[in-house]
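Welcome, and thank you for stopping by.

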Amino acid sequence: MTLSRDARLVILTGAGISAESGLRTFRAADGLWENHRVQDVATPEAFQRNPALVYRFYNERRRSLGGAQPNAAHLALARLEREWQGDLLLVTQNVDDLHDRAGSRNLLHMHGELLKGRCQSCSAIHPWPDDMDVDTRCPTCGRAAVRPHIVWFHELPLEMERIYQALERCDLFVSIGTSGHVYPAAGFMEAVGPAARTVELNLEPSLRASAFQEGRIGKATELVPAFVAELLGK
């Protein structure tokens with residue numbers, strides 16, 4: 001792919017990029033996430049109804065991150081950020097820290113971060129690698145419990161204004177490892193300017209595959225390093 005080295009890039013990643021590091025994708029074909037119904041562990045209503053279950057669920061997910069390592073796709077995107085001369089924004093739907101550990105810095109976690117907690121009173125956000133429960137209090141205000149810093153269903157994803165501004169200005173939009181099921185990320189194509197090039201890299205075509213100018217099918221650990229090398233001319 002021929003592209004000016006000062007072109008503006010927006011890259012979206014989904015669960016498919018972390019699946020090859022051993023982290024399971026959000027929902028299985030039966031609609032369950034780690035054997036739980038999404039509406040029981042990933043909605044504000046679930047947290048109000050049974051906070052102990054929700055805390056336990058995310059404590060288990062947090063512990064599972066320790067056994068996962070960034071793969072070749074994560075590392076390739078971090079390399080692209082280091083070597084690309086133009087603006088590059090990496091937007092991930094994933095709540096794991098694999099992009100962070102790979103070295104990506106211009107990174108937005110639109111669905112929150114598993115290793116952080118957010119105060120339900122003052123909204124302060126804290127690093128939180130350990131378990132939390134109903135008795136966990138905010139280190140800043142001490143008044144309220146800390147909840148997982150996760151965007152649940154029925155909540156607004158983070159940094160949307162910045163994301164849409166970048167999409168409108170970008171010269172290339174790349175979607176990696178996404179299903180096309182979850183909005184608003186599934187609708188990002190509509191925000192991309194008419195002159196931008198668009199590419200989907202996925203294990204199989206997403207629901208939005210026909211909207212992209214180009215699609216490449218295969219494993220993220222193979223497609224992404226090759227695509228990055230192509231962009232960098234190496």
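H111 is buried, with a relative accessible area of 13%; here buried means under 20% relative accessible area, exposed means over 50%, and partly exposed is in between (1.4 Å probe, protein chains only). This is a predicted model, in which local features need pLDDT of at least 70 and side-chain atom pairs count only at pLDDT 80 or more, while totals for chains, interfaces and linings use all residues. Residues are numbered from 1 along each chain as its sequence is written, and side-chain values use heavy atoms, with hydrogens and water left out.

**Around H111**

H111 sits in the loop between β5 (107-109) and β6. Helices (H or I, at least four residues) and strands (E, at least two) are DSSP runs, numbered from the N terminus. Which residues touch H111, once its neighbours within four places in sequence are left aside? They are T92, Q93, V95, H149, I150, V151, P157 and V182, where contact means heavy atoms within 4.5 Å.

Strand β6 covers residues 112-119 and belongs to an open sheet of three strands, ordered β7-β6-β8 with antiparallel pairing. The edge strands, each pairing on one side only, are β7 (125-127) and β8 (146-150). From one strand to the next, the twist averages 45°. Strands count as paired if DSSP finds at least two bridges between them; β6 and β7 are joined by three. In this pairing, R118 of the structure stands opposite I125 in β7.

Helix α4 (residues 51-64) packs on the sheet, where it touches β6 and β8, and its direction makes about 55° with that of β8. Axes are lines fitted to C-alpha atoms, for helices over the stretch in contact, and angles run from 0 to 180 degrees between N-to-C directions. How far apart are the end C-alpha atoms of α4? They are 20 Å apart, which agrees with the 20 Å that its 14 residues should span at 1.5 Å a residue; the expected span is 1.5 Å times one less than the number of residues. The buried residues of α4 are L53, V54, Y55, F57, Y58, N59, R61 and R62. An α-helix has 3.6 residues a turn, so residues three or four places apart point the same way.

**A strand with both faces covered**

Now for strand β9 (residues 172-176): five of its five residues are buried, so this strand is largely enclosed by the rest of the structure. On one side lie L172, V174 and I176, on the other F173 and S175, and all are buried, which leaves both faces of β9 covered. In a regular strand the side chains alternate between the two faces of the sheet. Five bridges join β9 to β1 (residues 9-13), and these two strands run parallel. Another pairing, also parallel and with five bridges, links β9 to β10 (residues 197-202). L172 stands opposite L9, and L172 also stands opposite R197 in β10.

**Cysteines**

How many disulfides are there? With a disulfide taken as a pair of cysteine sulfur atoms within 2.5 Å, the count comes to zero. C119 is in no disulfide, and the nearest cysteine sulfur to it, that of C141, is 3.6 Å away. C138 is in no disulfide either, its nearest cysteine sulfur being that of C119, 3.7 Å away. C119 is buried, with a relative accessible area of 3%, and C138 is buried with a relative accessible area of 3%.

**Salt bridges**

The structure holds 11 salt bridges, each a side-chain nitrogen of Lys or Arg within 4 Å of a carboxyl oxygen of Asp or Glu.

| Salt bridge | N to O distance |
|---|---|
| D40 and R49 | 3.6 Å |
| R61 and E60 | 3.8 Å |
| D97 and R101 | 3.1 Å |

D40 is partly exposed at 21% relative accessible area, whereas R49 counts as exposed at 54%. D97 is buried at 16%, while R101 counts as partly exposed at 36%.

E214, R216 and E230 are linked in a network of salt bridges. E214 lies in strand β11 (residues 214-217) and is partly exposed, with 27% relative accessibility. E214 and E200 are 14 residues apart in sequence, and their C-alpha atoms are 6.3 Å apart in space.
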